There are 2 protein chains.
Amino acid sequence: MRITVPAGGVGGARFLRGLIAEAPDAEITVIGNTGDDITLFGLHVSPDLDTVMYTLGGGINEEQGWGRTADTYHVLRELAAYGAGPDWFSLGDADIATHLYRTSMLAAGLPLSAATAALCQRWRPGVTLLPMSDDRVETHVVLAGDGDGDGAAGAAGGATHGTGNEAGRTVHFQEWWVRMGAGVPAAGFDFAGAAEATPAPGVLEALAEADFVLLPPSNPVVSIGTILAVPGIADAMRAKTVVGVSPIIGGAPVRGMADKCLAALGVAASAVGVAAHYGPDLLDGWLVDEQDKAAADAPELAGITVRAVPLYMSSPVATAAIARAALDLAQDLRS
Amino acid sequence: MRITVPAGGVGGARFLRGLIAEAPDAEITVIGNTGDDITLFGLHVSPDLDTVMYTLGGGINEEQGWGRTADTYHVLRELAAYGAGPDWFSLGDADIATHLYRTSMLAAGLPLSAATAALCQRWRPGVTLLPMSDDRVETHVVLAGDGDGDGAAGAAGGATHGTGNEAGRTVHFQEWWVRMGAGVPAAGFDFAGAAEATPAPGVLEALAEADFVLLPPSNPVVSIGTILAVPGIADAMRAKTVVGVSPIIGGAPVRGMADKCLAALGVAASAVGVAAHYGPDLLDGWLVDEQDKAAADAPELAGITVRAVPLYMSSPVATAAIARAALDLAQDLRS
């Protein structure tokens, strides 16, 4: 069985762990989001690829969901003593080794896909991990700047961080997400470089050869949306049976701030809203939480098979059950 | 009082600490050797500049003479787990922060001199620390490969590391010095890039404006020799009163493996040999250890004023006394 999984960071990685548990013999290819990649202190940091790699390879900091287990912060402390670079992005010492090795491989002329494969030789994540593209794609956020949190660029007001004068300014996704905590509403996202990017070697092949595609509960805008913005990937997915897992339960994201991203696009932060955003052209099946089972009757989701199961990834067992439900739905839809 | 000091690593740095103690009001400019610089894991490492900076700035690991106090090795351990890069060069986590900051400044287009100045804003070494050149100069070692330690490429034999088949191979200085422990004799040194290099901004000015120049007991071949290989520096020094401190006491280097470097050039490892190698054109005064006081009568050193004092830098007090003797000799020679 061949399964291809476009994935973002923490949510995607945890879903994948459940998927491997339920389908240990499947050949799983992960197409990782690289729009979040950022250069810090000259290091090429690929947060989503690393979160998948560390999670599946047993090196993840389980509590925070990203970064390495029991990491130390000696390098970062010293960089701060120099007053060097941004102080809002956490990089542990063990994590920095990953970025150093990746950066030196890129400097030597290797593409990101080859550098990722080299890193995975150590971690053996049990999947083929591919970046969505070897070309640089950077997710930029256009700030709305009204600070009232509803995502609408309206009357100026309030005294919150960056209010007013931030409007229209464009920042790197990580600056918005990590430094600002998405506290300034986004007016939109720009996947800089995506239109000219080519899928990394193996990406279109993995989609073409897949028995089906699963969309984990990753951020539909800045994780899955970025991957879909690389020309050729969405088309290749439309030719396949695609089953998604809703990242929204009862109107709120399970993790992260997907609602703030959806607001910028005018998409309702609901299981129905996200599925309608993906659309019936792309999506064949959609897993929602039991509290969202009414989605099965939503007219917007005509053509999408909706199934309701418990969707909180509260434990490895619960996560495996979600993966099992996704597998079952995909196999039902193919037969 | 203005003093300019071409310097290598540990010996130069310790001498400088004594010099600052004895001449606290002097404006001291250090011209640092960068021939030992090496790129490791994509990081630009400047061992000699850092040893001077850390030693004078209070961050040095006193016991080993280089690297940072109480450093940890988490990044290096992780790089080894990846099987990445060489395993014979020690880089602590705090030290890596220095290299990361330097490398990111160089990548942003700053010359090494500006990056060095930025690093020194934190360490405040009490001297103006200049690299000998902003151009890349790399000390390469041509291996003799006979393994008998006399530096002559003779009959092959023995079972020592790299014997025989290493002959003629050229390696980076650090590979010879650190990985091989200078265990394979050198047939010669190549200061690659030196002939085309320009002294860094401030170097020739510091020499022109100096009241005198002091040569610390640094390696005369691969530290001072490299600096002298940058066109313009030796000429500027010849116009000045130059007093040197012998790095050889009683036929052996005080520290390091200067004897192995001198052998490659056919220079005797003695206080007389080194002074004759520098030559009376360059050198006006020469401090030797009391056990080498016969050097004062050596015909090879005609034209060089030789003075014998205790030269072991066995304590800060002893080192300050050596610096005081060098200062006194320079001032005597100028008057």
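**Notes on the two-chain model**

1. Let me start inside the fold. Leaving aside neighbours within four places in sequence, B:Ile96 is in contact (heavy atoms within 4.5 Å) with A:Val75, B:Leu43, B:Val75 and B:Leu91. B:Ile96 sits in helix α4, residues 93–107 of chain B; helices here are DSSP runs of H or I with at least four residues, strands are E runs of at least two, and both are numbered from the N terminus. With a relative accessibility of 0%, B:Ile96 counts as buried (under 20% relative accessible area; exposed is over 50%, partly exposed in between, with a 1.4 Å probe and protein chains only). B:Leu76 is 20 residues away from B:Ile96 in sequence, and their C-alpha atoms are 9.2 Å apart.

2. Before going on, the ground rules. This is a predicted model, in which local features need pLDDT of at least 70 and side-chain atom pairs count only at pLDDT 80 or more, while totals for chains, interfaces and linings use all residues. Residues are numbered from 1 along each chain as its sequence is written, chains are lettered from A and ligands numbered from 1 in the order in which they are written, and side-chain values use heavy atoms, with hydrogens and water left out.

3. On to the pairing of the chains.

4. Now chain A as a whole. Chain A has 12 helices and 14 strands. Its radius of gyration is 19 Å, close to the 20 Å that the globule rule gives for 335 residues, so chain A is as compact as a globular protein of that length; the radius is taken over C-alpha atoms, and the rule is 2.2 Å times the number of residues to the power 0.38. Along the principal axes, the C-alpha atoms of chain A fill a box of roughly 60 × 50 × 40 Å. Of the 335 residues in chain A, 57% are buried. Among contacts in chain A with a separation of 6 or more, 71% are between residues 24 or more positions apart.

5. Two backbone spots deserve a look. Most residues other than glycine have a negative phi. B:Phe41, not a glycine, has a positive phi of about 55°. B:Phe41 lies in the loop between β3 (38–40) and β4 (43–45) of chain B and counts as buried at 10% relative accessibility. B:Ala70 also has a positive phi, near 45°. The loop that holds B:Ala70 runs between α2 (47–57) and α3 (74–81) of chain B, and B:Ala70 is exposed, with a relative accessible area of 71%.

6. B:Ala144 lies between β6 (138–143) and β7 (170–172) of chain B. Is B:Ala144 buried or exposed? At 4% relative accessibility, B:Ala144 counts as buried. B:Gly202 is 58 residues from B:Ala144 along the chain, and 37 Å separates their C-alpha atoms.
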